[in-house]
Amino acid sequence: MAATAWQAAPFEQRLTWARRHMVHTHAAATRLPALDGVRLAYSAHLDLKTAVTAAAFLERGAAVRLIPADPASTHDDVVDWLCTNGAEVDLAPEEDAAEACVRWEPTHALEAGAAIMRAAAHKGYRALHAGVEITRTGLTRLAALELHHPVFDIDVVPVKNDLHNRYAVGVSTWQTFTNRTNLSLRGRTVVVAGHGQVGIGLAQHARDLGAHVIVVDPDPMRRLLAQATGYQTAPMAEAARAAHVLVTATGREHAVDAAVIDALPDGCFLLNAGHSRTEIDTHHLGPGQRVLPTITEHSTPRGHVLLVADGHLVNLAAGDGDSLDQFDWTAALTVAAIAWATTHAADTPPGITPLPDPAWHPLFT
């Protein structure tokens, strides 16, 4: 990924700036108990904001081993800083890195996507005291497993689901689109696949920027909500044929499949704002031709489509991610969740459970 002007600034300067503006995360860090003896396996997007949270755990005595949630969002300077400051980082492919994390014998897991906890379950590893999952994609994956430890669900917390998912992601996605294309959304038809909180935010901010929005979602109640909010709704096959921009926020593999790709009009932009990098069937698109640093052009029956960030999570793989102050909400929750998981795991039954109000309320009241 080509560096932005922000990313080109010296790392320590950016880290100091991040700590200054991630005030809730700082408050959560001051409430961490001593973490001596905690071995924290941490899957995350290895960007500046993860350095802030990982530093909080290291400073309280935890051993921390990190793997990337997506290699496309990994920043080399963050990896270098983490390794210099006491963390271990494994940049192997996700499955291999997750299995190596299990062999490292963690006591706790903090994840975006559940790769480590899934590997632990498949390997029969029973020494995890507790886990924390940040994403709906990861929670869906964990729900299919037999868990022998509690997993605290951050995504259900209103600060994450109603604020971060709805407001931060929509803003940073369209900022990234404009920054990387030098184009606006004004007058374009934007198809938003998925009308959960991330999709709601994408639709809202696209409309604010002058787009005509069409919402696609298989859930009739979500379609009804979209219609009540003033959006057009349509089946994917119909919406795709009208799209100038199609963005995914579904958490489902191949939400944009070969048939959808072949229906897209000439010049349509295709991007993913959901966690899973398989939401778009990039194999059907083929390698394409790179026309800008983060954009490839691909031939289709109706002309060409323009894939942004190779189908990876666009705001992180092609941009700076959510702003520091908005992601601060979620970063603070991750720190608070580890504080809770290390002190209350024995009081919590195995399986997925919402992060309790007492774990996070003091940070935001």
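Student: How do the residues of the lining of the second largest pocket divide into nonpolar, polar and charged?

Tutor: This model is predicted. The second largest pocket has a volume of about 340 Å³, and 21 residues line it. By class, the lining of this pocket divides into five nonpolar, ten polar and six charged residues.

Student: Which residues are the closest to the centre of the second largest pocket?

Tutor: Helices α1 (5-8), α4 and α9 each supply at least two residues of the lining. Of the 21 lining residues, the closest to the centre are W6, Q7, G319, D320 and G321.

Student: Which element gives the most to the lining of the second largest pocket?

Tutor: The elements that each supply at least two residues are α1, α4 and α9. With five residues, the one that gives the most to this lining is α9.

Student: What is the volume of the largest pocket?

Tutor: The lining of the largest pocket consists of 45 residues, and the closest to the centre are T135, K160, N165, V198 and H275. By class, this lining divides into 13 nonpolar, 21 polar and eleven charged residues. The space in the largest pocket comes to about 910 Å³.

Student: Which element gives the most to the lining of the largest pocket?

Tutor: Two or more residues of this lining come from each of β1 (39-44), α4 (48-59), α8 (136-143), α9 (158-181), α10 (197-208), α15 (314-317) and α16 (324-344). The element that gives the most, with five residues, is α9.

Student: How much space lies in the largest cavity?

Tutor: Rolling a probe the size of a water molecule over the atoms shows where empty space is left. The count comes to one cavity of 30 Å³ or more. Its lining is formed by M117, A120, A121, Y125, L128, E146, L147, H148 and H149, which divide into six nonpolar, two polar and one charged. The space in this cavity is about 60 Å³.

Student: Is α2 roughly parallel or roughly perpendicular to α4?

Tutor: Two packed helices are described by the angle between their axes and the distance between the axes. The axes of α2 (residues 11-21) and α4 come within 10 Å and cross at roughly 75°. Angles of 65 to 115 degrees count as roughly perpendicular. Therefore the orientation of α2 relative to α4 is roughly perpendicular.

Student: How many nonpolar, polar and charged residues does the contact of α2 with α4 have?

Tutor: From α2, the residues F11, R14, L15, A18 and R19 take part, and they meet L48, A51, V52, A55 and E59 of α4. By class, this contact has seven nonpolar, no polar and three charged residues.

Student: Which are the edge strands of the open sheet of seven strands?

Tutor: The order of this sheet is β3-β2-β1-β4-β5-β6-β15, and the pairing is parallel. An edge strand here pairs on one side only, and the strands concerned are β3 (88-89) and β15 (351-354).

Student: What is the bridge partner of L66 in β3?

Tutor: Strand β2 (residues 63-68) pairs with β3 in the parallel sense over two bridges. In β3, L66 has as its bridge partner V89.

Student: Which are the edge strands of the open sheet of eight strands?

Tutor: Eight strands form this open sheet, with mixed pairing and the order β9-β8-β7-β10-β11-β14-β13-β12. The strands that each pair on one side only are β9 (232-233) and β12.

Student: How many residues lie between β12 and β13 in the hairpin?

Tutor: Strands β12 (residues 289-292) and β13 (residues 295-300) pair in the antiparallel sense over three bridges. L292 has I295 of β13 as its bridge partner. The two strands form a hairpin, and the number of residues between them is two.

Student: What is the bridge partner of V192 in β8?

Tutor: Strand β7 (residues 189-193) runs parallel to β8 (residues 212-216), and five bridges join the two. In β8, the bridge partner of V192 is V215.

Technical notes. Residues are numbered from 1 along each chain as its sequence is written. This is a predicted model: local features need pLDDT of at least 70, side-chain atom pairs count only at pLDDT 80 or more; totals for chains, interfaces and linings use all residues. Side-chain values use heavy atoms; hydrogens and water are left out. On a 1 Å grid over the protein atoms alone, a cavity is a set of points where a 1.4 Å probe fits but cannot get out, and a pocket is an open set with protein on both sides within 12 Å along at least five of seven lines; lining residues have an atom within 4 Å of a point. Grid points are joined across faces, edges and corners, and a volume is the space filled by probe spheres set on the points. Helices (H or I, at least four residues) and strands (E, at least two) are DSSP runs, numbered from the N terminus. Ala, Val, Leu, Ile, Met, Phe, Trp, Tyr, Cys and Pro count as nonpolar, Asp, Glu, Lys and Arg as charged, and the others, Gly among them, as polar. Two strands pair if DSSP finds at least two bridges between them. Axes are lines fitted to C-alpha atoms, for helices over the stretch in contact, and angles run from 0 to 180 degrees between N-to-C directions. Angles under 35 degrees count as roughly parallel, over 145 as roughly antiparallel, 65 to 115 as roughly perpendicular and the rest as oblique. Contact means heavy atoms within 4.5 Å.
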